[in-house]
Amino acid sequence: MASSDSNFLKNFWISNKILVPGSEFESDENDYGDDGPKCPVLVFVNSRSGGQLGGNLLKTYRALLKEKQVYDLGEETPDKVLSGIYANLENLRLKGDEFAKKIMERLRLIVAGGDGTAGWLLGVVCDLKLSHPPPIATVPLGTGNNLPFAFGWGKKNPGTDEPSVKSFLAQVMQAKEMKIDNWHILMRMRAPKEGPCDPIAPLELPHSLHAFHRVSEADELNMEGCHTFRGGFWNYFSMGMDAQVSYAFHSERKLHPEKFKNQLVNQSTYAKLGCTQGWFCAHLFHPPSSNIAHLAKVKIMKRHGQWEDLNIPSSIRSIICLNLPSFSGGLNPWGTPNKNKQRDRDLTPPYVDDGLIEVVGFRDAWHGLILLAPNGHGTRLAQANRIRFEFHKGATDHTFMRMDGEPWKQPLPVDDDTVVVEISHHGQVNMLATHDCKSRSVYDPSSPHQGDAEEDDSDDEDSISAEFRKFGAASTFKIPDGVDIAHLS
């Protein structure tokens, strides 16, 4: 390795005595100079993401950094890794180790995988309640890649060779820290008298919903006779038709992983499933009982106020609770409300750190195509600090939900019971953002504000007639090749 490359990589190396808790390795602090590494990193890679790319990326990072700085999430969980390293850092700091103190202050995390993988790591960092929570950079290895896109890391799979990885590390060192809101999600259902409570195979609940960590009997969230799940999300929670398409895609990928080795192929398959699931002709293939208003009673709370009913138009078949301005591969369903319109006067632009979540509805995929037009947006329903869905016995025994890219099939009551899903603001987490960051802070003077009116703020489907073939990145709303539009309308 050339001397210049070695000097560059030293900015990221971490001493072995920190990486291996309790080890007796001699200090290698001389590698870094008197002030220690400028940007020490820990890297977490989902080796199963992006086809072969995840495995290749893992090998490259391990070749450039110390092997114990790079973890395969298929073999080691982030909670175990981080709790061990931070315990060792704290012990060394208490012994007066200045390098350990600097590592704690400067440490940055890199996570390579889909949005679900990134959400898993974010959840772990939140749960561990670290004294110096490290900021996180995301490498886009999934299908949607909404989290990386929202913070300027792109939405296409990166190169896995050494020059590409070095370029990414340089961006990590230069990136700015940015706080975003955490959203806690609670799901409670009555313990069934017969059969399992968990959602139907082949998928389980998302990592970030802690399906394997139901709240304990001592937890204040516990309710006798109920199964209560808790977790968090940072990008979005959605329910309805969009989640159904996502579930079909993930089910197919789990059954036939050999067919999903390429990001472009994945996106094309996703789009085709949107047709086979009836997302483009929901009014023909799905009964009114599957509409959100028929499935659930929805309540919202604005800024720690009182609960109030949220009126959902009867035609809405998909509802999205959005934290970041990126959905379906980079689109912004909320847009920027126009203060000159009566219906928008109480709404603000989508800031990522204002303690509010944006609630948007869609009728079908045709409605979603409006996002491809200038200033296009979904049906804005509300901004809230909390939102609650109450499902009672109805015409269907299940619906589909999705959280940060991970979908599941959710059983609904078949008797007089109620299933409750409640979302509430739960602090903030630190992200790393590049100069191409799409997310905006309410505290940033350069961010758009309520006074910035849009030139065109229509959600009329007629306004996108000329945009049908500008598909952009939106797999959920994309018409796949070979599909005759005339037979869909």
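Let's start with a pairing you can find by eye: Phe400 has Lys409 in E15 as its bridge partner. Before going further, remember that this is a predicted model, where local features need pLDDT of at least 70, side-chain atom pairs count only at pLDDT 80 or more, and totals for chains, interfaces and linings use all residues. Residues are numbered from 1 along each chain as its sequence is written, and side-chain values use heavy atoms, with hydrogens and water left out. The labels come from DSSP runs, numbered from the N terminus: helices (H or I) have at least four residues and strands (E) at least two.

Back to that pairing. Strand E14 (residues 398-403) and E15 are joined by six bridges in the antiparallel sense; two strands pair if DSSP finds at least two bridges between them. They belong to an open sheet of six strands, ordered E12-E11-E10-E7-E14-E15, with antiparallel pairing. Strand E12 (379-384) and strand E15 (406-411) are the edge strands, each pairing on one side only. From one strand to the next, the twist averages 20°.

Now step over to strand E11 (residues 357-362), where you'll find Val360. Val360 counts as buried because its relative accessibility is 0% (buried means under 20% relative accessible area, exposed over 50%, partly exposed in between, with a 1.4 Å probe and protein chains only). Its contacts (heavy atoms within 4.5 Å), not counting residues up to four places away in sequence, include Ile319, Trp334 and Leu381. Leu322 lies 38 residues from Val360 in sequence, yet their C-alpha atoms are 7.6 Å apart.

Another strand pair is worth a look. Strand E5 (residues 176-190) runs antiparallel to E6, and eight bridges join the two. Arg190 stands opposite Cys226 in E6. Strand E6 (residues 226-233) is largely enclosed by the rest of the structure, because seven of its eight residues are buried.

Finally, the helices. Helix H4 (residues 78-94) packs on helix H6 (residues 115-128) at an angle of about 40°, with the axes 9 Å apart. So H4 is oblique to H6; angles under 35 degrees count as roughly parallel, over 145 as roughly antiparallel, 65 to 115 as roughly perpendicular and the rest as oblique. Those axes are lines fitted to C-alpha atoms over the stretch in contact, and angles run from 0 to 180 degrees between N-to-C directions. At the meeting point, Pro78, Asp79, Leu82 and Ser83 in H4 touch Trp120, Leu121, Val124, Val125 and Leu128 in H6. By class, that contact has seven nonpolar residues, one polar and one charged (Ala, Val, Leu, Ile, Met, Phe, Trp, Tyr, Cys and Pro count as nonpolar, Asp, Glu, Lys and Arg as charged, and the others, Gly among them, as polar).
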